[in-house]
Amino acid sequence: MAGISQHGKAFIRPKQKAHLLVIEARFHDDLADALLEGATSALEEAGATYDVVTVPGSLEIPAVITFALDGASQGGTAYDGFVALGTIIRGDTYHFDIVANESSRALMDLSVQEAACIGNGILTTENDAQAWTRARRSEGDKGGFAARAALTMIALKQQLGAPS
Ligand SMILES: Nc1c(NC[C@H](O)[C@H](O)[C@H](O)CO)[nH]c(=O)[nH]c1=O
Ligand SMILES: CC(=O)[C@@H](O)COP(=O)(O)O
């Protein structure tokens with residue numbers, strides 16, 4: 001596989017300590033472990049704190065972000081950002097396209113319409129091998145990438161003066 005760049009120069013960190021919600025889909029359990037390890041390591045390295053919520057599949061991830069945003073408006077925990085983790089591996093039917101496209105669409109809707117700072121670490125692959133290459137912290141580390149992307153969005157939101 002072509003090397004996966006970590007795009008280090010694109011990442012910045014929030015000035016204040018950030019608190020994030022990691023939402024992990026466990027449809028593929030071992031891959032979920034790898035993605036979570038990458039994401040939590042990146043958050044810890046950045047000095048951020050986090051909670052983790054587990055859902056069955058990637059289609060459930062966006063609704064959890066909505067629950068959290070609604071919860072915050074009712075006095076619950078106000079998360080600075082969100083990290084979405086999951087793996088969608090193509091099967092024999094159209095289901096792959098539904099799960100891949102709709103989870104991504106809903107995350108983009110939340111990013112743009114709700115100004116939610118989201119790192120999308122949902123893999124969409126043709127097979128297990130592609131997924132592992134991307135999930136392993138020692139290789140693609142897409143969980144870590146998504147966490148660093150979420151932190152970058154939190155920093156940019158603060159920098160541009162958007163209400164938190
Ligand atoms: N096939 C995959 C799924 N499918 C499950 C859905 O995400 C969802 O949980 C179900 O339709 C119930 O609402 N999810 C993944 O994350 N990865 C897959 O490969
Ligand atoms: C996401 C998928 O495509 C997969 O888990 C479902 O497989 P299939 O399309 O063979 O039912």
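Where does ligand 2 sit? Select ligand 2 and take a look: you'll find this ligand in the second largest pocket. Keep in mind as you go that this is a predicted model.

**Stop one: around ligand 2**

Now show the residues around ligand 2: Phe27, Ile88, Ile89, Gly91, Asp92, Thr93, His95 and Phe96. Sorted by class, that shell has four nonpolar, three polar and one charged residues.

At aspartate 92, a polar backbone atom is 2.8 Å from an oxygen atom of ligand 2. At isoleucine 89, a backbone N or O atom lies 3.4 Å from a ligand 2 oxygen. Phenylalanine 96 also has a backbone N or O atom 3.4 Å from an oxygen of ligand 2. On its own, ligand 2 exposes 320 Å², and the protein buries 72% of that. Colour E3 and H3 while you're here, as they are the elements that give two or more residues to this shell.

**Stop two: over to ligand 1**

Which pocket does ligand 1 take up space in? Once again, the place to look is the second largest pocket. Select the residues around ligand 1: Phe27, His28, Gly57, Ser58, Leu59, Glu60, Thr87, Ile88, Ile89, His95 and Val99. By class, you have five nonpolar, five polar and one charged residues here.

Start with threonine 87, where a polar backbone atom is 2.7 Å from a nitrogen atom of ligand 1. Then pick histidine 28: an N or O atom of its side chain is 3.2 Å from a ligand 1 oxygen. At glycine 57, go back to the backbone, where an N or O atom lies 3.5 Å from an oxygen of ligand 1. Ligand 1 has 430 Å² of accessible area on its own, and the protein covers 77% of it.

**Stop three: the elements behind the shell**

Highlight strand E3 (81-89) and helix H3 (95-113), each of which supplies at least two residues to the shell around ligand 1. Which element gives the most to that shell? E3 does, with three residues. Then click on leucine 59, found in the loop between strand E2 (49-55) and helix H2 (61-73).

**Last stop: what the record says**

An unreviewed UniProt entry lists Phe27, Ser58, Leu59, Glu60, Thr87, Ile88, Ile89 and Asn120 under "binding site". Select that set and bring back the pocket: Phe27, Ser58, Leu59, Glu60, Thr87, Ile88 and Ile89 are part of the lining of the second largest pocket.

Methods: Residues numbered from 1 in each chain as written. Chains lettered and ligands numbered in written order. Predicted model: local features only at pLDDT ≥ 70, side-chain atom pairs only at ≥ 80, totals over all residues. Heavy atoms only, no water. Near = heavy atom within 4 Å. Polar contact = N/O pair within 3.5 Å; in protein donor to acceptor, adjacent residues only side chain to side chain. Areas by Shrake-Rupley, 256 points an atom, 1.4 Å probe, with all protein chains shown as cover. 1 Å grid on protein atoms, 1.4 Å probe; cavity = no way out; pocket = protein on both sides within 12 Å on 5 of 7 lines; lining within 4 Å. Sits in = over half its atoms within 2 Å of the grid points. Helix = DSSP H or I, 4+ residues; strand = E, 2+ residues; numbered from the N terminus. Nonpolar A, V, L, I, M, F, W, Y, C, P; charged D, E, K, R; others polar. UniProt positions renumbered as here; feature names shortened; annotations may be inferred.
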